[in-house]
Every structure is written in C-alpha cells, then in structure tokens.
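Okay, thanks for making time, everyone. I'd like to walk you through one model today, going from the overall layout down to a few individual residues. Let me put it on the screen.

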Amino acid sequence: MSKRKHDISRRQFLEGSGAVLVAATAGPKLSAQLSSSIQPETGGATREVPSTAIRLVVNGTEHRLEVEDRWTLAEVLRDHLGLTGTKIGCNRGECGACTVLLDGKPVYSCSNLAVWADGREVRTVEGLAHGDQLDPLQRAFVEHDGPQCGFCTSGQLMSARGLLTRNPHPTAREVRAAMTGNICRCSNYNRYVEAVLAASSTRDAKTSDRGAGRSTAPGRRGAKASARAGGA
Ligand code: FES
Ligand code: FES
C-alpha cells in the first residue's frame, strides 16, 4: 500500500515536471517569435521594432539583410547566416569568444550592433581556410594542441589572424598583448602563443586576405574600445 502511494506520488511528480519542461522548452520559441518586428507593449498595444536594411560582406560573400537595430553582429552571423563558428561566451564584451575581424580589425561581435557593420567586411573563422587548405594558424593550433575544449578557439584564431596580417613576425610579447582579450577557461595560453609564433615563422604567415585588410590587433582593451566605438 505504501509502495502504491509512493508510485502515484512519483507519477504525479513526473507529470508535473513534464508540464514544467514543456513550458521551459516552449519559452525560447515563444520569445523568438516575439522578437519579430511587432512587439506587444504593456496594456495590449503593439509597437514596431526598428529595423534597417544593411549590406555585409562576410568571408568575401555579399549579404543584403533586414536586421532589427538591436541585433548584435554575433546574432546575425550565427542565427541568420548560419556561421556558428563564432561563439558566444559571456555576451558582454569580456571573454573574446565572439571575436571576428571587421575590416581586418579584431572586434567583439557580441558588443557590436549589426547595423554598425553596414557596408563593411567581416571575416569569421569559417573564412580562414580555403577549401581543404587550412590557414597556417589553424595548422599551427592543431600541431601545438592549442584547442582543449575548443570553445575559445575561433576567437583566439581571429585575434591571431588580425595580428599576423598586420605584423607577420611578432615577438612572443606582441602575441600575448594581441591576445589578452581572449580568455581561455582551459588556460592553454602558452600553447596558443607557441602556435601563433610557429605560424609566424612560416612563409605564408600573413596568408591571403579574404575579408581581411586594414588590421590592428588591439588586445582586450583595444577590442573593448572598438566594441564601444562600433568597431570603427
Ligand atoms: S561573447 Fe564574450 S566577449 Fe563576446
Ligand atoms: S580551449 Fe577551452 S576555453 Fe580555451
């Protein structure tokens, strides 16, 4: 009898949990739908969310998009162009996982609005390799065991690419300075620095500049400043 009571109460618990789970999984969908151009206001009225037509050249390909003015560059790259190699870690300009090159300059894409990138060139980690031909940095990262969990790796690569394009033969100190804006929770910093130095010693260190051009590598403070200034 006491076992039956126990079973019923477990079933009831599971049914209750199921309802909560359904609500929890439906939540993101509901909020995604609400992020269209009409938003409810308190009191049942609706308001238009401002949106803008922009043109981006991403990894050499032109895209014309209608974006809500509040969308970040990271959101547009990941959710609208399917370029999920750009990672979102902190989503507030602290970790560097979302680093991309904007006109060749490393910026935090989570902290830049997509509208600020109108008419500009964006390069993401997907734009580093040419077909089967990896960028020298990607090869060096693999050879030097740079990626551990790998979550920070695309951001590390983009900061390093920005550096090598501007300065193909940096010192270890310059590499560290350029990558201070990229946090690695696996703490594999030394391997990343070794990999960048190894890539810099190859003949094609500067590599082809698909989507890259004028480049500076501002490091963490510089990248933050760029984010605040819209990457300008
Ligand atoms: S996700 Fe951390 S700086 Fe952008
Ligand atoms: S390799 Fe894991 S966070 Fe950097």
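So, in what order do the elements of the protein chain run from the N terminus on? It goes α-β-β-β-β-α-β-β-β-α-α-α-α-α. Keep in mind that this is a predicted model. The secondary structure comes to 7 helices and 7 strands. The chain has 232 residues, and 40% of those count as buried. If you take the contacts with a separation of 6 or more, 66% of them are between residues 24 or more positions apart.

Let's look at the sheet. There are 5 strands in an open sheet, ordered β4-β3-β7-β5-β6, with mixed pairing. β4 and β6 are the edge strands; each has a single partner strand, so one side of each has no neighbour in the sheet. From one strand to the next, the twist averages 40 degrees.

Now the hairpins, starting with β3 and β4. β3, residues 51-58, runs antiparallel to β4, and 8 bridges join the two. Valine 57, for instance, has glutamate 62 in β4 as its bridge partner. This hairpin has 2 residues between the strands, and asparagine 59 takes a positive phi near 50 degrees there.

Leucine 101 has proline 106 in β6 as its bridge partner, and valine 100 stands opposite valine 107 in β6. The hairpin of β5 and β6 has 2 residues between the strands, with aspartate 103 at a positive phi near 50 degrees.

And which way do the residues of β6 point? Lys105 and Val107 go one way, Pro106 and Tyr108 go the other, and all are buried.

Moving on to the helices. In α2, residues 73-80, the buried residues are Leu73, Ala74, Glu75, Val76 and Leu77. Their cover includes β4, residues 61-68. Just after α2 there's glycine 82, with a positive phi of about 70 degrees.

Then there's the α3 and α4 pair. α3 covers residues 136-143 and α4 covers 153-166; they pack at an angle of about 130 degrees, and their axes are 10 Å apart. That angle is why α3 counts as oblique to α4. The crossing of α3 past α4 is right-handed. On the α3 side, Leu137, Gln138 and Phe141 make the contact, and on the α4 side it's Thr153, Leu157, Ala160, Arg161 and Leu164. Sorted by type, the residues of that contact are 5 nonpolar, 2 polar and 1 charged.

Last stop, cysteine 110, which sits in the loop between β6 and β7, residues 121-123. Why does cysteine 110 count as buried? Because it has 25 C-beta neighbours inside 10 Å, and the cut-off is 20 or more. Leaving out residues up to four places away in sequence, cysteine 110 touches Thr72, Ala74, Ile88, Asn91, Arg92, Gly93 and Cys98. Ala74 is also one of the buried residues of α2. As for arginine 92, it is 18 residues from cysteine 110 along the chain, with 6.6 Å separating their C-alpha atoms.

That's my tour, so over to you for questions.

Definitions and conventions. Residues are numbered from 1 along each chain as its sequence is written. Chains are lettered from A and ligands numbered from 1 in the order in which they are written. This is a predicted model: local features need pLDDT of at least 70, side-chain atom pairs count only at pLDDT 80 or more; totals for chains, interfaces and linings use all residues. Axes are lines fitted to C-alpha atoms, for helices over the stretch in contact, and angles run from 0 to 180 degrees between N-to-C directions. Helices (H or I, at least four residues) and strands (E, at least two) are DSSP runs, numbered from the N terminus. Angles under 35 degrees count as roughly parallel, over 145 as roughly antiparallel, 65 to 115 as roughly perpendicular and the rest as oblique. A crossing is left-handed if the near helix is turned anticlockwise from the far one by less than a right angle, and right-handed if clockwise. Two residues are in contact if their C-beta atoms, placed from the backbone, lie within 7 Å. Ala, Val, Leu, Ile, Met, Phe, Trp, Tyr, Cys and Pro count as nonpolar, Asp, Glu, Lys and Arg as charged, and the others, Gly among them, as polar. A residue is buried if 20 or more other C-beta atoms lie within 10 Å of its own, exposed if 12 or fewer, and partly exposed in between; C-beta atoms are placed from the backbone. Two strands pair if DSSP finds at least two bridges between them.
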